[in-house]
Amino acid sequence: MMGDLVDFWLFALLTSITYLGFTLGKISELTRLTKREKKVQETVDRIFGLEIKPSGETKVLDLTGREVEVLQESIGGWIEGIALSENAMMWCNEDGYRLKLLRNSFAEMIWDAYVDRKNPIVGTVVLTGGVDERGELFSLTKKQIDRVINDIKFIQVIQPLKGNH
């Protein structure tokens, strides 16, 4: 009986570690767009972003025409932009550390896929497309939004497994 339980938890741990590596690889694809996807991203008339709370709860935001206001409302303060690549930005609360906002491990996993992060990410973040040379913000594509939402859902499933070891 005890051997079966150990085998189950060992299998669960190995599966979660393997999938977590696969998921981080998929998250890193967030900024890789085909030429066709890039053209679509640049020509859409609406700007969509993805809000990610520290709990992992996500919400698609329409930022069209009110980019700064929607970002400030979502993150709860002054915005700070982190360029993940030319195709993706992460927006967070500039005063998050001082305000002692909750750590956002989901945002950290995304940032870790692109940047050598020195500090924790705290509070709610918003992912958007990149910014062009004129400072115009691009939308995330539906494919990018779906990819991140699916990855976060899976990570939420495996985190309790990791916590039981």
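## Exposure and the model

A residue counts as buried under 20% relative accessible area, as exposed over 50%, and as partly exposed in between. Lys100 has a relative accessible area of 72%, so Lys100 is exposed. Keep in mind that this is a predicted model.

Lys100 sits in the loop between strand E4 and helix H4, which covers 105–112. Its backbone stands out too. Lys100 is not a glycine, yet its phi is positive, near 55°.

## Overall fold

The chain has 5 helices and 5 strands. Along the sequence they follow the pattern α-α-β-β-α-β-β-α-β-α. There are 165 residues in the chain, and 40% of them count as buried.

How much of the contact set links residues 24 or more positions apart? Such residues account for 60% of the contacts in the chain with a separation of 6 or more. The accessible surface comes to about 9,600 Å². Carbon and sulfur atoms hold 58% of that surface.

## Helix H3

Helix H3 spans residues 67–75. Its buried residues are Val70, Leu71, Ser74 and Ile75. Why do they lie on the same side of H3? The spacing fits a general rule. An α-helix has 3.6 residues a turn, so residues three or four places apart point the same way.

What covers the buried residues of H3? The cover includes strands E1 (48–52), E2 (58–62), E3 (79–85), E4 (88–93) and E5 (125–128). After H3 comes Gly76, with a positive phi near 80°.

Glu69 also lies in H3. Is Glu69 buried or partly exposed? With a relative accessible area of 41%, Glu69 is partly exposed, because that value falls between the 20% and 50% cut-offs. Glu69 and Ile79 are 10 residues apart along the chain. Their C-alpha atoms are separated by 9.7 Å.

## The largest pocket

The largest pocket has a volume of about 170 Å³.

By class, the lining has 7 nonpolar, 2 polar and 3 charged residues.

## Pro120

Pro120 and Asn104 are 16 residues apart in sequence. From C-alpha to C-alpha, they are 7.8 Å apart in space.

## Asn87

Asn87 is found in the loop between E3 and E4. Is Asn87 buried or exposed? At 7% relative accessibility, Asn87 counts as buried, because the value is under 20%.

Asn87 and Leu137 are 50 residues apart along the chain. The separation of their C-alpha atoms is 9.9 Å.

Conventions: Residues are numbered from 1 along each chain as its sequence is written. This is a predicted model: local features need pLDDT of at least 70, side-chain atom pairs count only at pLDDT 80 or more; totals for chains, interfaces and linings use all residues. Side-chain values use heavy atoms; hydrogens and water are left out. Buried means under 20% relative accessible area, exposed over 50%, partly exposed in between (1.4 Å probe, protein chains only). Helices (H or I, at least four residues) and strands (E, at least two) are DSSP runs, numbered from the N terminus. Contact means heavy atoms within 4.5 Å. On a 1 Å grid over the protein atoms alone, a cavity is a set of points where a 1.4 Å probe fits but cannot get out, and a pocket is an open set with protein on both sides within 12 Å along at least five of seven lines; lining residues have an atom within 4 Å of a point. Grid points are joined across faces, edges and corners, and a volume is the space filled by probe spheres set on the points. Ala, Val, Leu, Ile, Met, Phe, Trp, Tyr, Cys and Pro count as nonpolar, Asp, Glu, Lys and Arg as charged, and the others, Gly among them, as polar. Accessible areas come from the Shrake-Rupley method with a 1.4 Å probe; for residues, only the protein chains shown count as cover.
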